[in-house]
Amino acid sequence: MMLMAAAVGLGFETCRLSADTNTPLVAAAASLRDAMQALVDEFRQSGGGRLNLAFGASGNLYRQLRQGAPFQALFSADESYIDRLAADGVIEDSGQIYALGRLALVMSHRSPVTADPRLMDVSAALDDGRLKRFAIANPVHAPYGQRAREALENLGLWNRIEPRLVVGENVAQTAQFALNGATQGGLVASSLLLAMARQGTIKSALIPQSEYTPLRQKAGLLAGADPAVPAFLAFVLSPRGQSILERYGFDPVRPSAAG
Amino acid sequence: MDWIALRLSLQLSLLTCVLLIPPALWIARRFAWHRFRGRGLAEAVVALPLVLPPTVLGYYLLVALGGESSLGQWYQSLTGNTLVFSFEGLVLASLLFNLPFAVQPMQRAFEGVPVNLREAAWCSGLSNWETFWRIELPLAWPGVVGAIALVFAHTLGEFGVVLMVGGNIPGETRTTAIAIYDQVQSFDIRGAGIMSLVLLGISISAMALVFMTGGRRGQ
Amino acid sequence: MSSTLGLDVRLHQTLPVPLNARFSCAPGELMALVGPSGSGKTTILRAIAGLGRGQTGHVHCDGVDWFDSDAGINLAPQARRAGLVFQDYALFPHLNATQNIAQALGHLPRADRVARARSLLKSVHLAGLEHRRPADLSGGQAQRVALARALARDPAVLLLDEPFSAVDQITRRRLRRELATLRHRLGCATILVTHDLDEALELADRMVVLHRGETLQTGVPAEMLRKPANAIVARLLDQRNLFTAVVAGHEPGLTWIDWAGRRLQSTGRIDLPIGDWVDWMIPAAGVLLHRRDRPSRGERENPVQGRVSKVVSLGETLWITLRVDQTDPSPRRPLEHPLTFSLPEHVARRNDVEVGSSITVSLLADSLHLMTPVTGR
């Protein structure tokens, strides 16, 4: 029986080796979960080639990349990590900004707190006890978490809200926390609102750009990447790509196609 | 339904069983019947993965196998790929964190074989190998079966160490457990539910099959 | 190094059990190792089989060195032609009787093993039980399978470790009889470890008495019971008439001793000066009752008078315990053990021997055995 298991295992191994490892792997920030999948699908359908995606907090992806993870490109949620890669000579050039991200307040429709751009009701709810827990992404690893902290500080809420924070490992997990019954709301990437709305009715508001450092989402390609990868980046920057990003709640950086 | 992730999980579990059980059997037998200096310490080291949180294990594995380590660099010079974030790295990590699940049930089983049976075998002219193959192993077999079942099921379900050492690379290190986590984060609750059910079904069937065929023999 | 046939053993050990044993056993001879628990009997047996460790000395068998600590030789059990029957049989629980025996038949071609195993089973009267597993065998049957397995390799030495201690009395007697018959056919040297003296008496050609690892005496059992080497051996052999006296005089063919105020004579010789302490014993058979109507006047008979303190009936024999009248008790010695002897029941009745009655017995001088006292008793 052991021999059977060995044969099966080895059989699998040879299959595996021939299968997926040739498809280029692209790392993308968690805020791009839905948008990236749409872009990759459209890219493939128009004959650009297959790409695999790996998601996570930008900081974690950066760390994995430095440790040797086989990513051929990193679509980060802001500039900082790409700039570091450029300084270390890991990426080909200084990177490309492909979208502008927006921070959004979101809560489930069952939450006793209502959404407004300057978090007024959140502030009131902190005082009258309606708000017990609030979700943000980890400010150490996730750009959206950093911006959330910035915004909360600038809006005068940080000291009061800090003891009540629930920290998500990346902004997608933060969206999970914001919707499940454990918190009464959270700050997430506006690009995730579409997917969240599919899960149930939500209340949301975009935080004014003035309250946080802009999320200039930058992408970097590694040297020697498969030709499909720079082609994909070009697609993302094309009007078609930018309009997909816009649909998912990002602000375009290049002219987008109509519709 | 992520079939690739399922295939990866099964491969990892099978490979771990095949590669780990024979050396673990040797270790278990030595622990059971030989008194040697430092045995207590050796047993404690083997038992470590039982008590350490997966993150601690993952951390040390990253240190030992990562790009900065001598092992990692040797592997990289050999194959051009990193050891972490690769399936091979996962297999290596799996062999280590499954050690107590393999050794301990077998050690208990060997300890349960009375020493005078081995002596009777030697006095009957059986060599050490023959004694092992014909007397010790059949009597310790339920323990071996238990170890295989435990290692298989435990590897199927391992999450923390796999995530830290393997990352989440589709087709390479995204096992079913990771894929489920991923799907939940993508709000694909239905997909996560399907995969969880499949994993549950496989685990139960594997354990049942192994216990039905292997247990209770020779008793 | 020895070229004689049979087994020659000399073993020494300090820890964990002290051992200083020496004996030999000829082919065809059955030798009993007798002694209390902890005297090292099982250790010696295991050392002969090859399962010992930490001893010095030698074990030679049929001219082959199995173990010689000086020469650095220590053959593995597989390489020795010894058959060991364990106290708890050590049968392989997952194999049936035939397979158990077949494990010891590796020296035969595969095709012959089953047939030979079957014939061995038959020789121990277990034909028909070939396919039974040990769990389904009675104690006596398991014992026989263990014996057959030990005999399968045609051993030069058969080692039996208290083989009958785990079965009931009746089965034990039957197995003993079977062993007595079997071993004459076998022709190999047999070592039987037992703490049952009756067993040793019934089966053994010769006996070794062990105490705390020392071989105290080797000899024919009946001889040893009449003439133990010293008081320790006498006690180990359950000789109850064991006393201390003072040497009173030497004569050619006679020794006089002073005991309990009497002067007794023995035909035995002892190399002790007058005035020294001497241990003496007399087997129950050497104590004869004086008939009430005809007191004995024979020579060399050491008449002694006393009061019956206990009468124990064992079927048709009575065991009498006699408190000897002390005419001059030595204040420094404690009161001696009483004398014990046996009588057929009808003789006791005819002579009015009952608790409290006063009787006279003869201690036959040629049964009265003298022993040098053991220092530090």
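**Entry 1. Chain B against chain C**

I looked up the contacts between these chains and found that 16 residues of chain B are in contact with 19 residues of chain C; contact requires C-beta atoms, placed from the backbone, to lie within 7 Å. The model is predicted, so I note that local features need pLDDT of at least 70, that side-chain atom pairs count only at pLDDT 80 or more, and that totals for chains, interfaces and linings use all residues. Residues are numbered from 1 along each chain as its sequence is written, while chains are lettered from A and ligands numbered from 1 in the order in which they are written.

I then asked which elements of chain B give two or more residues to the side that touches chain C, and recorded helix H7 (115-123) and H8 of chain B. H7(B) gives the most, with 7 residues. By class, the side of chain B that touches chain C divides into 9 nonpolar, 5 polar and 2 charged residues. Here Ala, Val, Leu, Ile, Met, Phe, Trp, Tyr, Cys and Pro count as nonpolar, Asp, Glu, Lys and Arg as charged, and the others, Gly among them, as polar.

**Entry 2. The other chain pairs**

Of the 2 pairs of chains in contact, I find that chains A and B share the most contacts. Chain A and chain C are joined by no contact, and their closest C-alpha atoms lie 21 Å apart.

Chain B has 11 helices and 0 strands; helices (H or I, at least four residues) and strands (E, at least two) are DSSP runs, numbered from the N terminus. I find 9 helices and 21 strands in chain C. Along the principal axes, the C-alpha atoms of chain B fill a box of roughly 65 × 40 × 30 Å, and those of chain C a box of roughly 80 × 50 × 35 Å.

I looked up burial next, where a residue is buried if 20 or more other C-beta atoms lie within 10 Å of its own, exposed if 12 or fewer, and partly exposed in between, with C-beta atoms placed from the backbone. Buried residues make up 47% of the 219 residues in chain B and 40% of the 377 residues of chain C. Among contacts with a separation of 6 or more, residues 24 or more positions apart account for 75% in chain B and 67% in chain C.

**Entry 3. H6 and H8 of chain B**

I examined helix H6 (residues 99-111) and helix H8 (residues 128-157) of chain B, whose axes come within 8 Å and cross at roughly 160°. Axes are lines fitted to C-alpha atoms, for helices over the stretch in contact, and angles run from 0 to 180 degrees between N-to-C directions. The crossing angle makes H6(B) roughly antiparallel to H8(B), a label for angles over 145 degrees. Residues of H6(B) in the contact include B:Phe101, B:Pro105 and B:Met106, and those of H8(B) include B:Glu136, B:Val144 and B:Leu150. The contact of H6(B) with H8(B) has 12 nonpolar, 3 polar and 2 charged residues.

**Entry 4. A sheet in chain A**

Strand E3 (residues 73-75) and strand E10 (residues 215-221) of chain A run antiparallel and are joined by 3 bridges. Within this pairing, A:Phe75 has A:Ala219 in E10(A) as its bridge partner.

Note on methods: Angles under 35 degrees count as roughly parallel, over 145 as roughly antiparallel, 65 to 115 as roughly perpendicular and the rest as oblique. Two strands pair if DSSP finds at least two bridges between them.
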